[in-house]
Each structure stands twice: as C-alpha cells, then as structure tokens.
Amino acid sequence: MSTLFDVKHNPRKAYTSFAILGIALIAFPFIASNFGNSWVRIMDLALLYIMLALGLNIVVGMAGLLDLGYIAFYALGAYMTGLLASPQFASVLESFVNNYPAVGETLRWIVGEEAAQNGIHLSVWLIVPLGAALAAVFGALLGAPTLKLRGDYLAIVTLGFGEIIRIFMNNLNAPVNITNGPQGINMIDPIRIFGVSLAGEPGSRATVYFGEWGMPSVNAYYFLFLFLCAVIIFISIRLQHSRLGRAWIAIREDEIAAKAMGINTRNIKLLAFGMGASFGGVAGAMFASFQGFVSPESFSLTESIAVLAMVVLGGIGHIPGVVLGGVILAALPEVLRHVVEPVQRQLFGAVLVDAEVLRQLLYGLAMVVIMLYRPEGLWPSPKHEDRMDANAKKRLDEKEPTALAA
Amino acid sequence: MDTFIQQIINGLVLGSMYALVALGYTMVYGVLNLINFAHGDVLMIGAMVGITILKIVQSVAPDLPGIVKLGIAIIGAIPVCILVNVIIERVAYRRLRNAPRLAPLITAIGVSILLQTFAMMIWGRNPIPFPQVMPAEPFTIGGALISPTQVMLLVLATVAMLGLVLLVERTRMGRAMRATAENPRVAGLMGVDSNKVIVMTFAIGAALAAVAGVMWGANYASAQFAMGFVPGLKAFSAAVLGGIGNIYGAMVGGILLGIIESLGAGYIGDLTGGFLGSHYQDIFAFVVLIIVLTLRPSGIMGERVADRA
Amino acid sequence: MSEQVILKIAGVNKRFGGLQALSDVNIKILKGQIYGLIGPNGAGKTTFFNVITGLYQADTGTFELDGKPYSPSAPHEVAKAGIARTFQNIRLFGEMSALENVMVGRHVRTKQGVFGAVFHHKAAREEEAAIRQRAMELLDFVGIAKFAHRTARHLSYGDQRRLEIARALATDPQLLALDEPAAGMNATEKLALRELLVKIKAEGKTILLIEHDVKLMMGLCDRLTVLDYGKPIAEGLPAEVQSNPAVIEAYLGGGH
C-alpha cells in the first residue's frame, strides 16, 4: 500500500489521509448537486469502473494474467440481473414454452405462475451474491483453458472468450429468447434497500426520501456504490497481503520458481480468475439496476480495453493507483465533454473532436505513452525500502556504516 | 442455403484475405516474438485509403477498366500502409524490444485504438460505401457463383504469396529475415542489420494487408473504422492454426480457417438443430484458436518449442 | 551420519528428440549427507535436477524420498513431498522484498485461503505471524536479515543466492537441491557459501549439490556422482572419484 495510506507503518499520516478523503467523498454529491445531476452521475459510473478495474487488477496486476475479455463478467452480472430482476423472464419462459415445451413447462413449474406472468424479481440482497458467484464460476471456467498459455496467447484467448460471450448475448434471442438480442433487456428493477427504492418512487422525480429528507436518486446510488467500492478495496488489500496474494505475485514474477516452491499454480490462477471475475459480476449487477436496461453494446471489447487502460495508467498491481486510473479514465472524458465541446464551438464554430473520439484518444494514448515512458503507472507501488517503519529504517542506517567500517 | 461448392468458394475467398493478413502477423511474430495487435487496423487503413483513391480515380478517369482502377487503388494504398506500420514499429515497439512481455502487447492495443480513432476522425464513424468498379456479373463454376472481384482477389493473393515465398527463399533479404527470426543475436554477428530486417518485415506485412484491405472493401462493398479488428483477430487465429512464425503455416492456416468458417456458418444450423444460426459465424475463429492452443500449440506446421528451466 | 536413505533414484532415462540426455542414472543419498553431482558442461546435471523435481518428465525411472515413492510429475507436488531446489540462473521473485520471498517458501506448509485472507480470523492471523517469524529466522540464518525489506532484485548477486537458499529452506525440505550455487562467486564468497552449507548440514539437512568448482566440491561433499554425456561414469568418495581415470578423461579429454 502507498505511503499515504500506510496504516501499519505511519498511522498518523494514514488516518489523516483517510479522514480527508472520507470527508471529501461524502461531501461531494451534496456540493455537486447544486450544478445538476450529471456530475454525480458521472461519478456513479466511475465508481462502477473502479470496481471493474480492481477486479481486473487481481488478474492482471497481482497474478500477471493479461485478461482481455474481462468485460464478459460485467456482462454476466448485468444480464443475470436483467433476467432475475425484471419482467424479462416471463418472455423467456413464453419462448421456451413455444419452442421447447418440455423445458418450458418444467421451468414454469419451478418458478410458479406469478413469475411466469411478471418475471422474476429478486431483491438486491440475493442479486449481489448471485452475481458474484455466477461471475466467479465463469471466471474459473474461462480461465481454465488458458492455464498453460503464455502471455500473448492468453490475452488473445481471453479476448476471444469475451467476444464469444458478447456474440451470444447479442444472438440468444432466437429460437429461444433469453437475452432479447441487440435490443437488450429493459425495465430492470432499481435497487431496493429496506423498502426504499434508490430510483425514487414514481412521481417523486427521481428523488429518494428517507422520512422527510430527500436526495436525488443518483446521490443515493452514489453512496451505495461508494460503499461497495470501499468493500472491494478492503477485500483487495486483504488479499494482496495474504498468503494467497503472495502466491499470485509469485506466479506473476516467476511461475517456474513459484511451482518449485510448492504453489499449485493451476488452482491459484483459477482463484485469481474467479475472484477478479466476481468483482466484475457485482459491478455488472449494480450497473443493470442503476441503468434500468442492458444491451450488448455496453459490453464490447472496447470496454475490456478501457478497464485495462485504467489499470495500466494508474499502476498495475497498486490498489490506490488502480483507483486513480479508474477515476481519470472514467470521469475525465465525461468531464472534458462538458468543457471541450462548448470550447470548440466557441473557437471553431463546430465540434471537431467529440467526446466519444476524445475518450478513445485518451485510452489509446494512455496505454502507449505509459508503456513507453512510465510503465509502472502514474502511481506505482512504493519500493519496499521506502516502506519500512521509521524505527527499522534508522536501525539499518546505523548498522550499514559500521559494517562498511569493519 | 448455399451449395457445398459455393461455400468452398466463399471459404477460399475469405481464406485468401485471412492468409494475406496472417502472413503479416506471423512474420512479425517470427522476428520480434510480438503479436502486432494493430495489424488488423492496417487492413482497415488499406480499405479506407483505397476508397479515397478510387473516388479520385472515378472522377478523374471514369473510363478505365475496373481492374485497372482497383489496381491503382491498391498501388496507392500500399505505401500508406507501409508508412503506418513502419512508424508504429519505430515509435511504439522499438523501445520495448527487451521489456517484459506484457508491455509491447499493451502498447500494441493502444496503437490499435489510436489507429481506429484517427480513422474515425478522418473518415467518420459510419460505414462508407466502397465504389463498385468491377463488373457485377458473376462467373459460374459448377453451379456456384464467383464475382470478378473475388477472382481478382484470388489471383492477387496467389501472386502475392508466391512473391513472398520467392523473396524469403531466394533473396539475400529473405535469408536475412529467416536468420533474424531464428536467432537475432547470431544473425547480427553474421552482419545482418536486425533493425533493417524488422522494418522490412513490417513493410512487407503492411503491403500484404493493404492488398487484403482494398479487396475486402471491394468484396463487401463497404468499409468502416472498426472493420479491421475482427478480421485481424481471425487472421491471427489462422496464423496460430498454421503454426505461428511459419509463413507457409500462415498461408495454409488462412485458407483453412476461411473454409472452416464458411462451412461452419453454412452448417451450424443443422448441427445444432436450429438453436445456433449463422450469426455465430465469428465464433469459429476463436473456437479454432482455443482448440489449437490447448491441444497443439505449435499449429499445423510449427515445431515444438521446449521450455528450458 | 545415519544410514537412513533420503533420496533413492534409479534407472532414470531421458531423451530429447535425438539426444539421450540421461542414461540409466542412479543416485542414493543418505540423510545428513552433502552429495555432489559433477561433470563437464552439458553432461545432464541440470536435466537430472529438472527430472527429479518435476520440471521434466523422465522416460523411465523410480523415485523414492525417505523410503516412500514420490511421483515427480508436478513441481509443486515434489516440493510438498519434500525436495526444494534453487536454480542455476537465480529465480527470485524480483519485485517482492527478501522477506516476502522467503514467506512464499512457507506456502506449501501453510493453508490459509480466501476466507482467512479477507476475514483475518484468529487462526489466519496466527498463521501469518508464524510465517513472518520463520521467514525472518531463515533470513538471519543465511545472514541477510538486515535486507529483509529490500526489494529482491536490488540485492547483490551473492545475497540473492543466499536468499534463494533461505526460500528453499522455508519449505522445510527433506532434501535441499542446489543448482550451481557458487556460480559467479569469487573466492571469498565461495568460502562464505561453504560455511553456510556446512551450517545447513549441521542442522541435519541433506543437500544435493551441482557445482563446477571441483576444489570446492572435493572439500565439501561426502560423496559424488560424476556424469558425462548423461551417463554416470563414477560414484564414491571424493578421493576415489578424483583419481578415477574415466573422470579425468571426461574433464580433460583423452590422452592423459
């Protein structure tokens, strides 16, 4: 962990940093609300991307496995939510009944008549763990064929898997309609916590009320996502400094030596894929509820690469760096859109470089420039030497001169 | 559904384009051990530049025969593609020759994105129609149809591949390329300038991709900034199928993958009882890739590589 | 020195295409011995190491560790069974600190997984503390305790070799297999290495050693096997091996 937040070795500095950060994060939506909803909305999406980046960080950053199809797990979590928290399942069931009656009738018997009419509507408390579990299982499944592959091949194969999943999402609407094809699934339930819907009740103009006091829906989602992000960061840090985390890093540094030291690289790699994927699944589930609909175009290779760019830009393997990379690459293009397009109109009379192009440019440049000039990322892990607690460092400085003198 | 012969012809056409692009991948991998992720986008640049040139030719000399116009487009696209690929090598890859494996791959991805973005800025986001200059009337072979564009493609591809074989087997530069692919350091000791060889490799690959790109655009009558990515991946799969690093493997792999994809798309409906349709065509290349890498990573014509501790 | 046989390997053959890298190699090592494997370059010493530690698969051979057969099919199984090795070209986990490198060595003897990592329950915390403590002890044992928090690839060459040995010791091996630990060292460093190996032997560990420095080996090893072109050409006490004409010929070529 970075020296700014190093609780073990420099507690006073760490807690101060945390306090400042905490206050800023909590105050942000209240301040930003004065300028409309869009800023908080941008941060909501950025928080989702940060979750994705942290998940990918486990696979790429800690274990050193270049996964280019990571967005598939986001898609799985999102589509699972689409099927289990919307009216969609009713259509799915109907289409099964029409085409494969035996399967259809069995399904109808399992879910009951109500679900057959209105679809399945699981609560968020079930959706989140289910999304994590489904993604984790697929993570291991998709990782399994890649275990013996070297870096570049692994990348291409995972990319292939990502594309295969997207193609399936796009085409599983005939003969049986599961994913509703290119149109995607809409009318996904918003998240309800203790009876309060985070989208606001109908007629409240997207305002969520806790008793008398209300806040915009995007703010409510902000706090939820912030909480989830914090949990994921916590889990990531715990994993990194554990026996498992060390095993991942060992595999990244030298797989042969890792094996020779007794690490079952097959299982440990599968764990990396699974854990990393589970974060993606949770983020996907949140995304589906937040946006209210899912469609295949949100889950293209471009998105996989975007998440990779965040990890690379921020600092592969360094959690605060990855968060920074996520913030920069998720929020910056949107922020720029609000600034750059009006400026261009002023200067040139028209928008020459629109926000989408800008976003792509940023991603491409981030990856090329960082790899060429600062491959460790904008905020890399501090060296071990810099991390030692103050006492040990003093002792070392005292010892060395005497050793040399002797 | 098309007849078997029709599908074979479609497969050969598709496969020739894959083969041309696969050659670029395999040659670069042979000398640098790097997957030039951006290679598929060079195909796209070839197609886009081809359109631009054709539009100019159409307005300046509309009476030229279609073949000649397409030929001019190809001749014009080749230097542009070469320039792009050579610049990419010089700017993005050269510094990372000795970097850990992940770095050049990530850079390559970044370059691919940048190429697509620049294409988006120059030619816009939407697909552009490719001017149809060849006669439209198809030939008939054994009950199957093949258009003049496709015939031209097959001829060009064959000529290009033969030319490459001659270059690699019979010329000094070809020998230098083979030596550098086997052992760059020793080749250097023998007086081979590895930088020159690498630039040459990128240039040849780009030229082949330019041909493939123009003909792809002509065959499918349109082009778009993102068009290169998926064919690029498939061509890479073809290179792996044939044996990465081996140019004969790239040719064989390309043609074979084209036929597999064509037949697969044709028969997948029957195979799965109607559950999967031909929209799943793109999956074949990836499935082939995964199978090859899992069961026989050296590909059809590759050699086994041992891993020394 | 006891009579207990720690390692018994018999009839190992290994072919790479047209090259017979190992022909009918046998080795028997007693507990507490320092056993040397020498031979000219290319004789198959590292290949033999790779075979007994599971990096390569032998064509034939029986493998017994401490009387029990073990299957050298996967390196991590071999480590679990009790053979730990170092590598000819040092293979450390470069970006980790020295301490963390040794802590990885404890992986095979510990068991906390995802749950323990995330929840830090009592058993997990205790195991982690034990890992850290043992790792520090081992760093001290090999003499680089003061570099515990230094990034591994920043260590000097000699210290990196020590670190690799400490890491191997962390797996609590029955047999420590060292592949040219003295390569690239000067005379002083070799002396220090010799002291360390003697110290390890004094702890009761058994060592199998590949080396080129014949003087070092003669002074250090209890017994030796000499390989030439994959075949064992001599076995026995250092004095016997040294004066064996076949050995002399292998090293110096014919006509001596």
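Colleague: What is the average pLDDT of chain B, and what share of the residues score at least 70?

Modeller: This is a predicted model. Chain B averages a pLDDT of 87, and 95% of the residues score at least 70. pLDDT is the predictor's confidence in each residue, from 0 to 100.

Colleague: Which elements of chain B have the lowest and the highest mean pLDDT?

Modeller: Among the elements of chain B, the lowest mean, 82, belongs to helix 7 of chain B (residues 184-189). The highest, 93, belongs to helix 2 of chain B.

Colleague: What makes the span of helix 2 of chain B close to the expected one?

Modeller: The expected span is 1.5 Å times one less than the number of residues. Helix 2 of chain B, residues 39-60, has 22 residues, for which 32 Å is expected. From its first C-alpha to its last, helix 2 of chain B reaches 32 Å.

Colleague: Why is helix 2 of chain B called largely enclosed?

Modeller: A residue counts as buried if 20 or more other C-beta atoms lie within 10 Å of its own. In helix 2 of chain B, 16 of the 22 residues are buried, so the helix is largely enclosed by the rest of the structure.

Colleague: Why is B:I283 called buried?

Modeller: The cut-off is 20 or more other C-beta atoms within 10 Å. B:I283 has 20 such atoms within 10 Å, so this residue is buried. B:I283 lies in helix 11 of chain B, residues 283-295.

Colleague: Which residues does B:I283 touch, leaving out those up to four places away in sequence?

Modeller: B:I283 touches A:I164 and A:I167. A contact requires C-beta atoms within 7 Å. Within chain B, B:I283 and B:A265 are 18 residues apart in sequence, with C-alpha atoms 9.5 Å apart in space.

Colleague: How many residues does each chain give to the contact between chain A and chain B?

Modeller: Chain A gives 30 residues and chain B gives 33 residues. On the side of chain A, two or more residues come from each of helix 7 (151-171), helix 12 (301-314) and helix 14 (355-373) of chain A. Helix 7 of chain A has the largest share, 11 residues. By class, this side of chain A has 23 nonpolar, 5 polar and 2 charged residues.

Colleague: How many residues of chain C are in contact with chain A?

Modeller: In that contact, 33 residues of chain C meet 31 residues of chain A. Helix 2 (75-81), helix 3 (98-105) and helix 4 (114-119) of chain C each supply at least two residues of the side of chain C. That side divides into 11 nonpolar, 14 polar and 8 charged residues.

Colleague: Why are strand 2 and strand 5 of chain C said to stand at the edges?

Modeller: They belong to an open sheet of 4 strands in chain C, with the order 2-1-4-5 and antiparallel pairing. Strand 2 (19-30) and strand 5 (68-69) of chain C each have a single partner strand, so one side of each is left without a neighbour in the sheet.

Colleague: How do you know that strand 4 and strand 5 of chain C pair?

Modeller: Pairing takes at least two bridges. Strand 4 of chain C (residues 60-65) and strand 5 of chain C have 2 bridges, in the antiparallel sense. C:E64 has C:P69 of strand 5 of chain C as its bridge partner. Strand 1 of chain C (residues 5-16) and strand 2 of chain C pair over 8 bridges, also antiparallel. These two strands form a hairpin with 2 residues between them, and C:G17 in the turn has a positive phi of about 60°.

Colleague: Why is helix 1 of chain C called largely enclosed?

Modeller: Of the 8 residues of helix 1 of chain C (residues 45-52), 8 are buried, so the helix is largely enclosed by the rest of the structure. Among them are C:F48 and C:F49. C:G54, which follows helix 1 of chain C, has a positive phi near 90°.

How values were computed. Residues are numbered from 1 along each chain as its sequence is written. Chains are lettered from A and ligands numbered from 1 in the order in which they are written. This is a predicted model: local features need pLDDT of at least 70, side-chain atom pairs count only at pLDDT 80 or more; totals for chains, interfaces and linings use all residues. Two residues are in contact if their C-beta atoms, placed from the backbone, lie within 7 Å. Ala, Val, Leu, Ile, Met, Phe, Trp, Tyr, Cys and Pro count as nonpolar, Asp, Glu, Lys and Arg as charged, and the others, Gly among them, as polar. A residue is buried if 20 or more other C-beta atoms lie within 10 Å of its own, exposed if 12 or fewer, and partly exposed in between; C-beta atoms are placed from the backbone.
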